[in-house]
Amino acid sequence: MKTALFAFCLVAVVAFVHAQTFGGYTESRPADAEVMSLCRAVRLDVEARHNGPFQTFEPISYQSQVVAGTNYNIKVKISGTEFVHIKVFKPLPHTNEAPQLVNVVGGKTADDALAF
(Lines give C-alpha, C1' and ligand atoms only; values in the text may rest on other atoms or scores of the structure.)
Protein backbone atom coordinates (compact mmCIF):
# COMPACT_ATOMS: atom_id res chain seq x y z
CA MET A 1 0.00 0.00 0.00
CA LYS A 2 2.79 2.43 0.89
CA THR A 3 4.60 1.63 -2.38
CA ALA A 4 1.47 2.30 -4.43
CA LEU A 5 0.85 5.58 -2.60
CA PHE A 6 4.48 6.60 -3.10
CA ALA A 7 4.30 5.78 -6.83
CA PHE A 8 1.07 7.77 -7.21
CA CYS A 9 2.53 10.78 -5.40
CA LEU A 10 5.69 10.61 -7.49
CA VAL A 11 3.68 10.59 -10.73
CA ALA A 12 1.59 13.51 -9.47
CA VAL A 13 4.69 15.55 -8.64
CA VAL A 14 6.27 14.81 -12.02
CA ALA A 15 3.06 15.81 -13.80
CA PHE A 16 2.91 19.06 -11.83
CA VAL A 17 6.53 19.86 -12.61
CA HIS A 18 5.99 19.20 -16.31
CA ALA A 19 2.66 21.13 -16.22
CA GLN A 20 0.73 18.65 -18.29
CA THR A 21 -2.46 16.66 -18.25
CA PHE A 22 -2.29 12.97 -17.31
CA GLY A 23 -2.35 10.86 -20.44
CA GLY A 24 -1.57 13.72 -22.83
CA TYR A 25 1.68 14.93 -24.34
CA THR A 26 3.06 18.37 -23.57
CA GLU A 27 3.53 20.93 -26.31
CA SER A 28 6.84 20.64 -28.13
CA ARG A 29 9.64 22.45 -26.30
CA PRO A 30 13.41 22.88 -26.77
CA ALA A 31 15.59 19.98 -25.62
CA ASP A 32 16.92 20.43 -22.09
CA ALA A 33 19.66 18.73 -20.07
CA GLU A 34 17.42 15.79 -19.12
CA VAL A 35 16.51 15.10 -22.76
CA MET A 36 20.16 15.35 -23.79
CA SER A 37 21.02 12.78 -21.12
CA LEU A 38 18.25 10.45 -22.34
CA CYS A 39 19.57 10.75 -25.90
CA ARG A 40 23.10 9.87 -24.79
CA ALA A 41 21.70 6.79 -23.04
CA VAL A 42 19.92 5.45 -26.15
CA ARG A 43 22.20 6.70 -28.95
CA LEU A 44 23.78 3.31 -29.71
CA ASP A 45 20.32 1.72 -29.92
CA VAL A 46 19.15 4.45 -32.31
CA GLU A 47 22.23 3.98 -34.48
CA ALA A 48 21.69 0.22 -34.56
CA ARG A 49 18.08 0.66 -35.71
CA HIS A 50 18.71 3.46 -38.20
CA ASN A 51 21.89 2.89 -40.22
CA GLY A 52 24.31 4.56 -37.78
CA PRO A 53 26.79 5.59 -36.64
CA PHE A 54 25.95 9.28 -36.90
CA GLN A 55 28.52 12.06 -36.81
CA THR A 56 25.88 14.36 -35.34
CA PHE A 57 23.30 13.38 -32.72
CA GLU A 58 21.73 16.59 -31.43
CA PRO A 59 18.35 16.61 -29.68
CA ILE A 60 16.37 19.63 -30.86
CA SER A 61 12.92 19.44 -29.27
CA TYR A 62 10.69 17.06 -27.34
CA GLN A 63 7.27 16.29 -25.94
CA SER A 64 6.69 14.29 -22.77
CA GLN A 65 3.84 12.22 -21.36
CA VAL A 66 3.55 11.02 -17.77
CA VAL A 67 2.50 7.38 -17.50
CA ALA A 68 3.96 4.84 -15.07
CA GLY A 69 7.21 6.63 -15.88
CA THR A 70 7.59 9.16 -18.69
CA ASN A 71 7.40 8.81 -22.47
CA TYR A 72 9.49 11.22 -24.51
CA ASN A 73 9.08 11.97 -28.23
CA ILE A 74 12.35 13.61 -29.29
CA LYS A 75 13.43 15.24 -32.57
CA VAL A 76 17.15 14.52 -33.13
CA LYS A 77 19.36 16.04 -35.83
CA ILE A 78 21.62 13.37 -37.36
CA SER A 79 23.10 15.35 -40.30
CA GLY A 80 22.89 18.80 -41.85
CA THR A 81 19.33 18.29 -43.07
CA GLU A 82 18.27 14.87 -41.75
CA PHE A 83 16.41 14.24 -38.54
CA VAL A 84 14.99 11.21 -36.76
CA HIS A 85 12.15 11.12 -34.26
CA ILE A 86 12.73 8.80 -31.34
CA LYS A 87 10.40 7.62 -28.59
CA VAL A 88 12.10 6.91 -25.26
CA PHE A 89 10.50 5.52 -22.11
CA LYS A 90 12.05 6.58 -18.79
CA PRO A 91 10.87 4.31 -15.94
CA LEU A 92 10.06 5.69 -12.50
CA PRO A 93 13.20 6.27 -10.38
CA HIS A 94 12.41 3.61 -7.76
CA THR A 95 12.67 0.87 -10.45
CA ASN A 96 16.37 1.61 -11.05
CA GLU A 97 15.81 0.74 -14.74
CA ALA A 98 17.59 2.48 -17.62
CA PRO A 99 15.73 4.51 -20.26
CA GLN A 100 14.47 2.35 -23.12
CA LEU A 101 14.30 3.18 -26.82
CA VAL A 102 10.77 2.37 -27.99
CA ASN A 103 10.74 3.55 -31.62
CA VAL A 104 12.77 5.34 -34.29
CA VAL A 105 11.30 7.04 -37.37
CA GLY A 106 13.78 8.32 -39.95
CA GLY A 107 13.58 10.51 -43.01
CA LYS A 108 12.36 13.52 -41.05
CA THR A 109 13.13 17.20 -41.66
CA ALA A 110 13.47 20.18 -39.34
CA ASP A 111 9.89 21.20 -40.19
CA ASP A 112 8.24 17.85 -39.44
CA ALA A 113 6.03 17.83 -36.35
CA LEU A 114 6.83 15.24 -33.70
CA ALA A 115 4.41 12.39 -34.27
CA PHE A 116 4.29 8.61 -33.94
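**View 1. N51 is exposed, at 72% relative accessibility.** Exposed means over 50% relative accessible area, buried under 20%, and partly exposed in between, with a 1.4 Å probe and protein chains only. The model is predicted: local features need pLDDT of at least 70 and side-chain atom pairs count only at pLDDT 80 or more, while totals for chains, interfaces and linings use all residues. Residues are numbered from 1 along each chain as its sequence is written, and side-chain values use heavy atoms, with hydrogens and water left out. N51 sits in the loop between α2 and β2. Helices (H or I, at least four residues) and strands (E, at least two) are DSSP runs, numbered from the N terminus. Although N51 is not a glycine, its phi is positive, at about 55 degrees. Most residues other than glycine have a negative phi, and most peptide bonds are trans.

**View 2. The peptide bond from G52 to P53 is cis.** Its omega is near 5 degrees. P53 belongs to the loop between α2 (33–49) and β2 (58–67).

**View 3. N96 has a positive phi and is not a glycine.** The phi value is near 55 degrees. N96 is placed in the loop between β4 and β5 (100–108). With a relative accessibility of 73%, N96 counts as exposed.

**View 4. F54 and F57 form a stacked aromatic pair.** The structure holds 2 aromatic pairs. Rings of Phe, Tyr and Trp (its six-membered ring) pair if their centres lie within 6.5 Å; planes under 30 degrees apart count as stacked, over 60 as edge-to-face and the rest as tilted. For F54 and F57, the centres are 6.0 Å apart and the angle between the planes is 0 degrees. Both residues, F54 and F57, are buried.

**View 5. Y62 and Y72 form a tilted aromatic pair.** Here the distance is 6.1 Å centre to centre, with 45 degrees between the planes. The pair links distant parts of the chain, since Y62 is in strand β2 and Y72 in strand β3 (residues 69–77), 10 residues apart. Y62 and Y72 are both buried.

**View 6. K87 is buried and has no salt bridge.** A salt bridge is a side-chain nitrogen of Lys or Arg within 4 Å of a carboxyl oxygen of Asp or Glu. Lys and Arg count as positive and Asp and Glu as negative, while His and the chain ends are not counted. The nearest side chain of opposite charge to K87 is E27, 15 Å away. K87 is part of strand β4 (residues 83–90). Leaving aside neighbours within four places in sequence, K87 is in contact (heavy atoms within 4.5 Å) with Y25, Y72, N73, Q100, L101, V102, N103 and F116.

**View 7. S64 is a buried residue of strand β2.** S64 counts as buried because its relative accessibility is 1%. S64 and R29 are 9.4 Å apart, C-alpha to C-alpha, and 35 residues apart in sequence.

**View 8. The whole protein has 2 helices and 5 strands.** From the N terminus on, the elements run α-β-α-β-β-β-β. Of the 116 residues, 39% count as buried. Among contacts with a separation of 6 or more, 50% come from residues 24 or more positions apart. The accessible surface, from the Shrake-Rupley method with a 1.4 Å probe (for residues, only the protein chains shown count as cover), comes to about 6800 Å², of which 58% belongs to carbon and sulfur atoms.
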